[in-house]
Amino acid sequence: MVVEWLQNLLILQDRDQRCDGIQRQLDDIPGQIKREETNIAALTAKLAELQKELKSMEVRRLDLEGEVEQAEATIMKYKTQQLQVKKNEEYSALEHEITALKDHISELEDSELVLMEEIDQKSAIFDESKEKIGHDCKTLEAHISLLKENHASFASELDNARDAVTESEATIDSAILQQYKYVKGQVKRPPYVVELDGNRCNGCHLKVSGEVETLARKGKELVRCDSCGRILYFDR
């Protein structure tokens, strides 16, 4: 059976570790929120890029329409000029220009038809992406809200856990408490108070000296592992 001062020390360690666990969860939440915000920004940027591409295609279609209108206006001008010219070679030259413009209009209209098909496909992709990205962003935003709620909850829980640690510390002799805090500051990872397993420390799993084993078994005073420095106890 563990003596009372060791029992109190083990309770303190348990409460200490609970505080550390809550603190780790608290520390991790801002990073999680940042990652989700980054994901939302990436999705929003992706949708904006799709929209930009679609608008660029629409501008190109309008440009083609404008080129067709300009070519048609030029044809009308040339036809008017044909009515005014008196030489056959001038009339033929204008006719040649009109034919070339008609061919150009045909090419523009073909390009416009192809572009309109591409715009329809891109619009379908954009609409589908907009719906999916909107849903994904809402999911991420909901997760962010939950993380913020958890942060507030953990903060409150940590306050209570720290109060429990303070209560435990009040039950422990100041010299022992000082030793415990020193060990906690020196040892890289918990636990800081460990049971002696035969003649081995359950913290570093190395064999302790005969003197340390004897003192730990007696349980009358604080004794530390001569390898890792953890506080040792023997459970009778």
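A residue counts as buried under 20% relative accessible area, as exposed over 50%, and as partly exposed in between. Keep that scale in mind on this tour of a predicted model.

Select Glu 169 to begin. Its relative accessibility is 22%, so Glu 169 is partly exposed. Because Lys 181 sits in helix α3 (residues 174–186) and Glu 169 in helix α2, the pair ties together parts that lie 12 residues apart in sequence.

**Stop two: along helix α1**

Next, colour residues 4–82, which make up helix α1. Pick out Glu 58 and Arg 61 there: they are three residues apart, about one turn of the helix. A salt bridge connects Glu 58 with Arg 61, with 3.2 Å between the closest N and O atoms. Glu 58 has a relative accessible area of 29%, so it is partly exposed.

Then show Arg 60 and Glu 67, whose side chains meet in another salt bridge at 3.5 Å, N to O. Arg 60 is partly exposed because its relative accessibility is 39%. Glu 67, with a relative accessible area of 29%, is partly exposed too.

How many salt bridges are there by this rule? The count comes to nine.

**Stop three: a residue on helix α2**

Move on to His 96, which has its place in helix α2 (residues 88–170). Is His 96 buried or exposed? With a relative accessible area of 54%, His 96 is exposed. For a sense of scale, draw a distance from the C-alpha atom of His 96 to that of Leu 43: the two are separated by 53 Å, and they are 53 residues apart along the chain.

**Stop four: the strands**

Finally, select strand β1 (residues 193–197) together with strand β4 (residues 231–233). The two run parallel and are joined by three bridges. Look at Val 194 here, whose bridge partner in β4 is Leu 232.

Now bring in strand β2, residues 200–201. Which way do β1 and β2 run, parallel or antiparallel? They run antiparallel, with two bridges joining them. Asp 197 has Arg 200 as its bridge partner in β2. Together β1 and β2 form a hairpin, with two residues between them. End the tour on Gly 198, in the turn, which has a positive phi of about 70 degrees.

Terms used
Residues numbered from 1 in each chain as written. Predicted model: local features only at pLDDT ≥ 70, side-chain atom pairs only at ≥ 80, totals over all residues. Heavy atoms only, no water. Helix = DSSP H or I, 4+ residues; strand = E, 2+ residues; numbered from the N terminus. Buried < 20%, exposed > 50% of the residue type's maximum accessible area, 1.4 Å probe, protein only. Salt bridge = Lys/Arg side-chain N within 4 Å of Asp/Glu carboxyl O. Pairing = 2+ DSSP bridges.
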